[in-house]
Amino acid sequence: MITAVYPGSFDPVTLGHVDIIRRSSKIFDKVIVCILNNASKKTPLFSHDERVNMLKDVVGELDNVYVDSYQGLLVDYVKEQGAGVIIRGLRGATDAGPEIQMAQGIHQVSPDIDTLFLATDPKLSFISSSMVREIASYGRSVECLVPKAVLPYIEEKVKNSL
C-alpha cells in the first residue's frame, strides 16, 4: 500500500487544493491531507479546528483520503505515517522554483521520501488561499474559488469581522 501526504496550510481550502486531492486519491492507496502551520506565513484566518473541519467536509466522500494535522517537521510526520511520497501542487512556473528547492532539501534530509508534483488544472491555476481571503474580506463572493462546503465558514468569518 502506497501512502502519500499532501501538506499545506489550507487557509482556506480552495478548488485548486481539491483538484490535487482528488487526482492524488486516484494515484495512491491512501492520501493524508495534513494541515501544517507555516512559520513564514502570518496568523491564519481560520483556526486549526476550522481548517480540519473544512477539509473533512470537502473530502468526506473520498474513501482513501484522511485529514490530519501536525506541529513539527514534515519529514518526521511523513515517516511516522509510513508514507514515502509528499504531494505538492503547482499552479504555475512561479511555484516550481521554491517547490523544487524544498523537495531537494527534503531529499537531502530523507532520501527515502519522494516528492510528486501535480500541476493544478489550468482553469484553477490562478486561485490561491490568499486571493480568497482578500476577496472575501471585501464582502465579495468567492463561490467560484472554493468548494461549496467552505462557503459557510468564509461567510461566518466575514460576518464576524464587520
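1. Let's start with a word you'll need: a residue is called buried when its relative accessible area is under 20%. With that cut-off, 45% of the 162 residues of the protein chain count as buried. Keep in mind that you're looking at a predicted model.

2. Now the overall layout. The protein chain has six helices and five strands.

3. How big is the whole thing? Taken along the principal axes, the C-alpha atoms fill a box of roughly 50 × 35 × 30 Å. A compact globule with 162 residues would have a radius of gyration near 15 Å, and the protein chain has 15 Å, so the two agree.

4. Next, contacts and surface. Take the contacts with a separation of 6 or more: 76% of them are between residues 24 or more positions apart. The accessible surface comes to about 9000 Å², and carbon and sulfur atoms make up 53% of that.

5. Which residues of α2 are buried? They are R51, V52, M54, L55, V58 and V59. Look down the axis of α2 and you'll find these buried residues within an arc of 160°, so they line one face of the helix.

Note on methods:
Residues are numbered from 1 along each chain as its sequence is written. This is a predicted model: local features need pLDDT of at least 70, side-chain atom pairs count only at pLDDT 80 or more; totals for chains, interfaces and linings use all residues. Side-chain values use heavy atoms; hydrogens and water are left out. Buried means under 20% relative accessible area, exposed over 50%, partly exposed in between (1.4 Å probe, protein chains only). Helices (H or I, at least four residues) and strands (E, at least two) are DSSP runs, numbered from the N terminus. The arc is that of the directions from the helix axis to the C-beta atoms. The radius of gyration is taken over C-alpha atoms; the globule rule is 2.2 Å times the number of residues to the power 0.38. Contact means heavy atoms within 4.5 Å. Accessible areas come from the Shrake-Rupley method with a 1.4 Å probe; for residues, only the protein chains shown count as cover.
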